[in-house]
Amino acid sequence: MKYHYFPGCSLKGLGRAYEESLLPVMERLGVELHEIEDWNCCGATVYMATDQGNACVLGARNMALAEKNGAGDIVAPCNACYLTLNKAKHCLAESSAIRRNVERAMAEAHLTYSGNLAVRHPLDVLVHDVGLEAIRREVVRPLTKLKVAPYYGCQAVRPQCTFDDQWNPTSMDQVLTALGATVVDYPLKTRCCGGSLTGTVPEAGLRLTYILLQEALRRGAEVIATICPLCQFNLDGYHDQIARRWGAVRIPVVYLTQLMGVAFGMAPDALGLKRNFLPAEPLLAMS
Amino acid sequence: MKVKDDQPLRIGFYVCHCGHNIAGVVDCAAVAQYAATLEGVVLSRDYKYMCSSPGQELIREDIRDHNLNRVVVASCSPLLHEHTFRTAVAAGGLNPFLFQMVNIREHDAWVHTDKAAATDKAKALAAAAIRRVARHRPLETTRAPIHPDVLVVGGGISGIHAALTLANAGKKVYLVERDPSIGGHMAQFDKTFPTLDCAACILTPKMSAVRAHKNIVLWTYSEVAKVEGYVGNYTVTVRRKARYVQEELCVGCQECVEACVFKEPKFPDRFNVGLSRRKPIYMPFPQAVPQAVVIDPERCIELKTGKCKKTCLEACADRHAIDFQQKEELVQIHVGSMIVATGYELFDPRRLPHYGYGRYPDVLTTLECERLISSSGPTGGELRLHSGQAPTAVGFVLCAGSRDYKTNRWCSRTCCMHSMKLAQIIRERTGAEVTLFYIDIRAPGKGGEEFYDRALAQGVKFVRGRVAEVSDCPLSPAEQGKLIVRVEDTLAGMVRRIPLDMVVLAVGMEPQANAQEVRRIMNMSCSAEGWFLEKHPKMAPVSTFTDGVFIAGCCQGPKDIPDSIAQAGAAAAEALALIDAGGIDQEPNTAYISEEDCSGCKSCVDLCPYKAIAFDPVKEKASINAALCKGCGVCVAACPSGSIGQNLFEDQEVFEEIEGVLAHA
Amino acid sequence: MKLTQKIKYDADRTVGFGESVARLPGCEGLPSCIQCGTCSGTCPMSIYMDLSPRQVIGLVRADFKKEALSCNTIWLCSSCYACTVQCPREIGITEIMYALKQRAIREHTFPAGFPIAILAREFTRMVTRKGRITETLLVMKLFLRANWRAALASWWLGLGLIRTGRFVLRQEQIQGHRELATMLAQTKETGEGGAP
């Protein structure tokens with residue numbers, strides 16, 4: 001199983017623990033991830049919202065660079081990258097004006113974009129390419145008794161997601177179950193975490209984060225599993241500010257891949273678990 | 001060119017404007033001028049409405065005054081007016097089959113916008129018809145008899161009403177129902193809008209009347225398996241499923257149910273939409289017709305393992321109504337016409353995960369709510385939450401799955417009224433606060449608006465907004481333990497969170513899951529949504545494209561009880577009209593064999609879908625029974641020696657038509 | 001009591017504005033809105049919006065350009081697409097919000113010092129120049145430009161990042177950053193940004 005790997009800026013910055021856990025876990029499962037050489041920022045929804053034409057250029061350059069290295073799908077672990085690259089792909093396929101525009105830009109760099117590569121989320125790859133059975137086989141330390149709230153975030157399954165339901169996805173639930181964990185019924189699993197608004201309009205963004213954390217606790221979860229660096233940062237990064245506004249809602253927030261690594265018997269240090277604001281290691285050591 | 005009897009061709013050509021329908025796109029005068037130049041055409045006119053009385057008169061007079069011997073009309077679809085013009089031609093003294101119709105409306109004006117090209121196309125089609133009609137020969141129609149018996153499929157209120165109407169008119173009716181009892185959805189309702197009269201009180205007398213009627217053969221727990229034949233002469237195979245109870249012997253005392261080895265009812269009761277339980281042997285519901293129990297073979301220990309104490313048999317004692325040996329039966333009947341009234345099913349709200357149906361026990365459908373407030377329901381008419389308590393705040397979510405491009409695009413027409421009915425009953429009986437969340441209140445028709453007024457007067461709250469989600473995630477103490485509806489109150493202009501005890505989803509109607517199968521068996525068509533298609537949405541609302549097959553009730557599209565009954569009556573009247581006409585004129589488009597060319601290979605015999613071809617072993621030739629032939633043309637195409645011809649579709653007629661079209665291009 | 005006229009005259013409309021939005025890719029569904037309010041009900045940010053998403057759609061469709069471009073709604077959209085997924089008419093509401101945002105940026109109809117707009121500007125600038133985002137630097141820039149008090153209030157966040165080894169001061173930059181800038185400039189010249 002070979003894929004082009006598009007890490008995105010966050011996995012090299014605030015979300016580096018995601019990459020630190022994703023790479024060894026995927027390797028263990030026989031998934032080869034080849035990082036696209038000299039990839040650029042996907043533009044995220046910020047760029048898409050303000051300049052759609054150029055946002056498509058950003059996406060097309062990445063996909064063209066991947067195409068140069070041959071066939072295979074692109075894996076984009078950050079929800080925003082996943083959505084934005086897919087959206088660029090969609091716009092390029094649908095709008096001839098955007099396509100002309102992008103082709104002109106690509107000519108500047110002697111690149112060609114054919115649109116043949118699919119952009120996929122690691123969760124999709126885990127469930128549909130690797131398979132739950134293969135995941136189950138690697139589990140040496142089942143997460144028995146660990147109660148996990150699966151938090152997908154919004155952009156992994158929207159708007160054009162084909163690998164799971166847009167409102168009530170279940171693929172992460174299945175992976176968690178395969179790890180031996182107890183999945184908590186969590187109706188807010190696709191509710192927005194606030195995204196960049198947590199930084200720009202804290203009173204609005206933090207409230208969303210607070211609701212997510214509080215509801216996970218209320219439903220008896222001990223840890224929240226995420227698959228997006230911004231979700232992880234928003235949910236983990238503001239515990240103090242939230243406590244000041246609404247009272248403490250302390251629940252660790254980790255990446256799905258970190259939980260997988262723990263279940264696969266990997267050392268917490270090697271999975272970036274030390275990078276959490278609210279430590280999750282004691283909890284994971286217990287289980 | 002001369003016609004067969006050596007008369008010179010004298011064709012009259014007419015092109016119809018159909019108001020702006022055709023003339024808005026096709027230059028009719030130009031088409032008429034062009035046709036006038038074609039061989040054999042002695043007269044060519046364009047006229048505003050050819051189907052009008054003066055239009056028909058024109059044809060009659062022209063035949064007399066100009067001695068026409070062929071007529072071509074270019075207008076709408078032959079489905080609409082071929083009969084009209086043939087009659088006019090006959091009134092003018094010509095054989096009606098010396099006529100040809102050209103469709104320049106549906107096939108041309110309505111589907112094109114380029115006027116020049118559309119006019120060219122009209123000319124080409126006209127040329128084709130003019131060349132074709134030259135080859136036409138005089139033909140005679142034959143009359144086939146109509147079998148007076150009628151099959152009604154579906155025993156809901158529509159099927160019941162249609163069957164009773166026909167039976168009261170003295171016709172023999174077979175009423176076939178899939179479930180163990182007739183009654184359909186209406187039997188599950190508590191009251192009916194807008195009059196709020198009790199559904200059972202008005203329905204059960206009709207159900208009993210069906211059972212008692214000497215002209216009705218009622219087969220419940222039965223399905224139509226196969227239909228053969230044609231209008232006036234259908235052979236229908238009905239599958240009578242094994243009930244494991246002799247219907248005629250069972251008196252409905254239910255002592256067997258009492259005696260069943262299952263002491264407690266254990267299995268979901270369909271009539272109460274799973275809100276109560278039944279035993280493997282059960283009465284479908286108290287007023288069921290026939291009053292006979294039924295055994296569920298999936299649940300009955302004896303039928304599954306053969307190792308039951310069979311306490312039910314003992315209880316039934318010398319009535320001997322229970323029969324574990326009963327087998328499914330196939331029965332053949334002959335009827336002349338059929339009425340399909342197979343109804344609808346409800347949208348499954350599990351498809352809307354954000355409304356929490358199946359996740360939260362107090363999120364119900366309107367039908368479930370209906371059973372909860374019905375005195376024959378599982379709670380004896382007490383509205384209760386899952387916890388057993390009475391709700392103090394109930395919300396109705398309208399358009400659940402309806403008017404939605406992702407689920408059902410249509411409006412189900414009854415859910416607004418249905419919800420307002422339930423809301424009023426809940427207000428009256430429990431005093432609970434009731435809120436209706438709606439996009440548009442649709443309360444048209446007699447008594448509809450007054451019903452809306454009544455709901456408002458009773459204090460039912462109306463919030464205009466489609467509910468975004470139902471959750472149990474509280475954000476305040478007041479929301480603890482409640483279901484919270486999140487909705488934009490679009491009239492107040494703000495987003496609201498409203499805590500409720502019970503949420504009722506007003507789910508719409510959709511075609512039965514097996515509608516496509518029924519469509520195939522009955523040889524009908526379906527609309528894009530899957531409803532059975534009427535022949536014309538206005539002019540033939542209960543007819544189908546298959547003669548002798550009529551539709552009634554919700555299988556044709558969502559409607560309320562009065563409309564279903566009106567349609568059932570209409571379908572019965574159409575069937576009666578057909579029967580009482582005594583016979584039906586058959587289009588003389590039948591196939592015929594020229595005996596001298598037939599090699600006796602028999603390949604046509606098995607191909608004929610209507611069993612109209614027989615083989616004469618003495619002459620060693622095939623022969624076609626014109627009364628059975630439907631003119632499908634299969635044998636004509638298949639005959640290796642080319643010895644089969646078909647009236648109205650002679651080779652020469654078809655070739656001339658093709659050449660006519662190509663000649664203009 | 002101060003009275004203001006709430007009436008709208010036809011002269012207040014920018015005729016053709018709604019149609020120009022509906023012509024953009026992804027926005028084609030605009031005319032089919034039935035004003036059911038699902039978008040507003042489902043939107044996690046709608047509780048802060050001066051106009052609900054439904055009202056914005058209504059205003060755009062009725063050509064009330066000024067009102068549609070000056071609301072905070074378009075800036076508070078967090079791109080979660082919940083409205084788009086839930087809309088019974090499958091209208092690309094998020095796309096319409098984007099279209100309005102692009103138009104508002106082009107016509108400068110947003111409040112000065114508005115952090116969301118500043119983040120958008122700083123973000124695009126960094127991507128255009130360097131090819132990648134260095135989040136900590138971006139956030140610092142945002143705080144400096146929008147609200148330096150917020151920066152002070154968040155000192156603990158910075159400390160936490162240092163502690164967890166995520167505080168990056170070195171700007172990430174791709175090798176082909178000049179080439180990328182040329183590519184992006186290429187489309188700028190033609191003015192085909194996709195905005196109405």
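**Close-up views of the domain and chain interfaces**

**View 1. Salt bridge between A:E138 and A:R28.** In this predicted model, A:E138 and A:R28 form a salt bridge whose closest N and O atoms are 3.9 Å apart. Between domain 1 of chain A and domain 2 of chain A, the count is two salt bridges. Five residue pairs are found in polar contact across this interface, with both residues at pLDDT 80 or more.

**View 2. The side of domain 1 of chain A that touches domain 2 of chain A.** Two helices of chain A, α1 (16-28) and α4 (79-94), each supply at least two residues of this side. The most is given by α1(A), with nine residues. Sorted by class, the side of domain 1 that touches domain 2 has 13 nonpolar, six polar and three charged residues.

View 3. Chain A is divided into domain 1 (2-120) and domain 2 (138-286). The centres of the two domains, taken over C-alpha atoms, are separated by 25 Å. Their contact takes 22 residues from domain 1 of chain A and 24 residues from domain 2 of chain A. About 2,100 Å² is buried between the two domains, and carbon and sulfur atoms give 64% of this area. Of the area that domain 1 of chain A buries against domain 2 of chain A, A:Y18, A:R28 and A:N79 supply 30%, more than any other three residues.

**View 4. Contact between chain B and chain A.** In this interface, 10 residues of chain B are in contact with 13 residues of chain A. The two chains bury about 980 Å² between them, with 51% of it on carbon and sulfur atoms. B:R359, B:C473 and B:L475 supply 45% of the area that chain B buries against chain A, more than any other three residues.

**View 5. Salt bridge between B:D472 and A:R219.** The closest N and O atoms of the salt bridge between B:D472 and A:R219 are 2.1 Å apart. Three salt bridges are found across the interface of chain B and chain A. Four residue pairs across this interface are in polar contact, both residues being at pLDDT 80 or more. The side of chain B that touches chain A is made up of five nonpolar, one polar and four charged residues.

**View 6. Domain arrangement of chain B.** The domains of chain B are domain 1 (11-141), domain 2 (150-241 + 328-343 + 516-580), domain 3 (255-319), domain 4 (346-510) and domain 5 (591-646). The C-alpha centres of domain 1 and domain 4 of chain B lie 57 Å apart.

Methods: Residues are numbered from 1 along each chain as its sequence is written. Chains are lettered from A and ligands numbered from 1 in the order in which they are written. This is a predicted model: local features need pLDDT of at least 70, side-chain atom pairs count only at pLDDT 80 or more; totals for chains, interfaces and linings use all residues. Side-chain values use heavy atoms; hydrogens and water are left out. Domain bounds come from an automatic or database domain assignment. Contact means heavy atoms within 4.5 Å. Buried area is the accessible area (1.4 Å probe) that two parts lose on being put together, summed over both. A salt bridge is a side-chain nitrogen of Lys or Arg within 4 Å of a carboxyl oxygen of Asp or Glu. A polar contact is a pair of N or O atoms within 3.5 Å; within protein, one must be able to donate a hydrogen and the other to accept it, and residues adjacent in sequence count only if both atoms are side-chain atoms. Ala, Val, Leu, Ile, Met, Phe, Trp, Tyr, Cys and Pro count as nonpolar, Asp, Glu, Lys and Arg as charged, and the others, Gly among them, as polar. Helices (H or I, at least four residues) and strands (E, at least two) are DSSP runs, numbered from the N terminus.
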